Amino acid sequence: MYLEHITSPEDVRALPASALPALAKEIRTGIIESSAVVGGHIGSNLSVVELTIALHRVFTTPRDKVVFDVSHQTYAHKMLTGRASAFLDPARYEEVSGFSSPAESEHDLFAMGHTSTSVSLACGLVTARDLAGEKYDVVAVIGDGSLSGGLAFEGLDNAAELGSGLIIVVNDNEWSIAPNHGGIYRNLAELRATRGASEHNVFRALGLDYRYLENGHDIAALEDALRDLRGTDRPVVLHIHTKKGQGFAPAEADPESWHHAVPFDLATGEPTGASSGEDYAQITAAYLSERMAADKSVVTVSAATPYIMGFTPELRERAGAQFVDVGIAEEHAVTYVTGLARGGARPVLGIYGTFLQRAYDELWHDLCLNAVPAVILVFGASAFGTTDATHLGFYDIAMLGDMPGLPYLAPTCREEYLDMLDWALVQTNGPVAIRVPVASVESRPDFERVESYSSGSEVVRRGSEVALLALGDLFPLGEKIADTLAASGIRATLVNPRLATTVNESLLGRLAARHRVIVTLEDGILDGGFGERCARALATDSVRVLCYGLPRAFPDRYDPTELLASCGMTVEGVVADVKRLITR
């Protein structure tokens, strides 16, 4: 076995060419077997195995700089830079991040998990190199749908103006997370069909030199192409054609499902330990499919992640023009739905909280400033969402709290979520965002329905001494705390705030007059969060306020329960804190 003896790229360069096919096979086996246990990005990583081997045989990192975009394509890179054991030894499977991490290795230049950044980062490295009078190669590896992101266009535009050496490898596996969308991908298809000879060439039009390699899995051809470009004095694109999921039949047959896989059975490919119950993706898809069938003005929009809303290829086909995937282009998605709404459509944009951050300006300047009735469904915005430092989604409340005229709803259960969707799609006062629950599907069929969710909270239980305001996913925790307090003879008032960024000052005033302690619970960051807004509103009252939330930090691959516990958000912790304050 070659891989277990590779401790650095020097070992890769020392291998004879005859050993490289076996090395590639070992890397693929490591990717597949480790992902079967802990999950991972399979399709994208399998497509760049040969490219990564070639890069490390031609260039000398860390002196030469290689920047991988999105960085969920770095599994092979990690194996060849001293971290193979994290993919070969089951006891060490979770030692390394699924993304680039300078904390792990000098061969990783940036911590990154969002798309379309590599060319801009590489442009900065090139300028810094030239200013320092140094000589080394800078390589940006971009693909897997990243070219549709606005930042990629900005980086390519700037690269053409550098007047210096930069190598941009476009890994064209014909896919994003889902199928690619947009004019640039039509041009890539034309370039593939003509083996790079088409007169229509977006890269040449920008002023970049261009080369094409059809077989992106031919290590010898890759090495030759990269050696030809080593030491280049101008920006050049090397466009290589690869296959997403190469070498693993299930991923080749279904690239969308295997972009990122949960743990699965190696023999069958079926997920292991998967919940058989209903989830919010399925709930959302069923609801929106029915609404679109009944109302042609309802349009569902995705930014390359249709699966978060449960929209399978079959459901997307059934929806026709009423389902639009704009590709990896979150900024465009927000401004696009603004235009849809102004034109009389009723758009619903489903987007991950961590990617919504990329569209901050468009939310503020386009959507909210124009006060159009679009609906934003924010997925994964919770401590229970994605736990990699690169993909944290729990900064959403503080971010959206800055947006004028944007109510941000936090439903506590299936029934309330659907009722909020009903209201959001018929109201005309402006945009509405909904923080889709993440932790689990709760059911509260007797929740208090209202005519409008633009203001107001639900008082679920009435008590004295202490009031608990438990937001969204943490409402079940609030119920458990209230139950435990009741067992100690303390009847707590329990409130479902419903609005994550708007404080119900009238209710808070009443609570302050009748309770000694008010507790807020949220799984967003404390700074600028829901609790902080409540505390500010209560600043002149004599009531004590306890705010529980998450730290302003970048926890990486954390356990959600442990993170909440470290912030005091356990039944025992909150009850103890409340009792201390009450007995003072």
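Helices (H or I, at least four residues) and strands (E, at least two) are DSSP runs, numbered from the N terminus. The model shown in these views is predicted: local features need pLDDT of at least 70, side-chain atom pairs count only at pLDDT 80 or more, and totals for chains, interfaces and linings use all residues. Residues are numbered from 1 along each chain as its sequence is written, and side-chain values use heavy atoms, with hydrogens and water left out.

**View 1. Two residues with positive phi.** R195 is found in the loop between α9 (183-193) and α10 (202-205). Although R195 is not a glycine, its phi is positive, at about 55 degrees. R195 is exposed, with a relative accessible area of 52%; here buried means under 20% relative accessible area, exposed over 50%, and partly exposed in between (1.4 Å probe, protein chains only). A371, in the loop between α17 (360-370) and β9 (375-379), also is a residue other than glycine with a positive phi, near 50 degrees. A371 counts as partly exposed, at 39% relative accessibility.

**View 2. Two cis peptide bonds.** T61 and P62 are joined by a cis peptide bond with omega of about 10 degrees. P62 belongs to the loop between α4 (49-58) and β1 (65-68). A cis peptide bond also joins D69 and V70, again with omega of about 10 degrees. V70 is placed in the loop between β1 and α5 (75-83).

View 3. Seven of the seven residues of strand β5 (residues 235-241) are buried, so the strand is largely enclosed by the rest of the structure. In a regular strand the side chains alternate between the two faces of the sheet. From β5, P235, V237, H239 and H241 point one way, while V236, L238 and I240 point the other way. Two strands pair if DSSP finds at least two bridges between them. Strand β3 (residues 166-172) pairs with β5 in the parallel sense over seven bridges, and V170 has H239 as its bridge partner in β5. Strand β4 (residues 209-213) also pairs with β5 in the parallel sense, over five bridges, with D209 opposite V236. From β4 the chain crosses through helix α11 (residues 219-229) to β5, and this β-α-β crossover is right-handed. With the strands pointing away from the viewer, right-handed means that the path from the first strand over the helix to the second runs clockwise.

**View 4. Aromatic pairs.** The structure holds eleven aromatic pairs. Rings of Phe, Tyr and Trp (its six-membered ring) pair if their centres lie within 6.5 Å; planes under 30 degrees apart count as stacked, over 60 as edge-to-face and the rest as tilted. The rings of Y280 and Y417 have centres 5.4 Å apart and planes at 85 degrees, so this pair is edge-to-face. Y280 lies in helix α13 (residues 280-294) and Y417 in helix α19 (residues 414-426), so the pair ties together parts that are 137 residues apart in sequence. Both Y280 and Y417 are buried. F394 and Y395 form a stacked pair, 5.5 Å centre to centre with 20 degrees between the planes. Both F394 and Y395 are buried. Ring pairs also link F248, W258 and F264 into a cluster.

**View 5. Charges over the ring of Y136.** A charge sits over a ring if NZ of Lys or CZ of Arg is within 6 Å of the ring centre and within 35 degrees of the ring normal. K65 lies over the face of Y136, at 5.1 Å from the ring centre. The charged end of R129 sits over the ring of Y136 as well, 5.9 Å from its centre.

**View 6. Salt bridges.** The structure holds 31 salt bridges, each a side-chain nitrogen of Lys or Arg within 4 Å of a carboxyl oxygen of Asp or Glu. In one of them, D108 meets R83, the closest N and O atoms being 2.8 Å apart. D108 lies in the loop between α6 (85-88) and α7 (118-131) and R83 in helix α5, so the pair ties together parts that are 25 residues apart in sequence. D108 is buried at 4% relative accessibility, and R83 is buried at 7%. Another salt bridge joins D422 and R291 (3.3 Å, N to O). A network of salt bridges links R204, D209, R211, D233 and R234.
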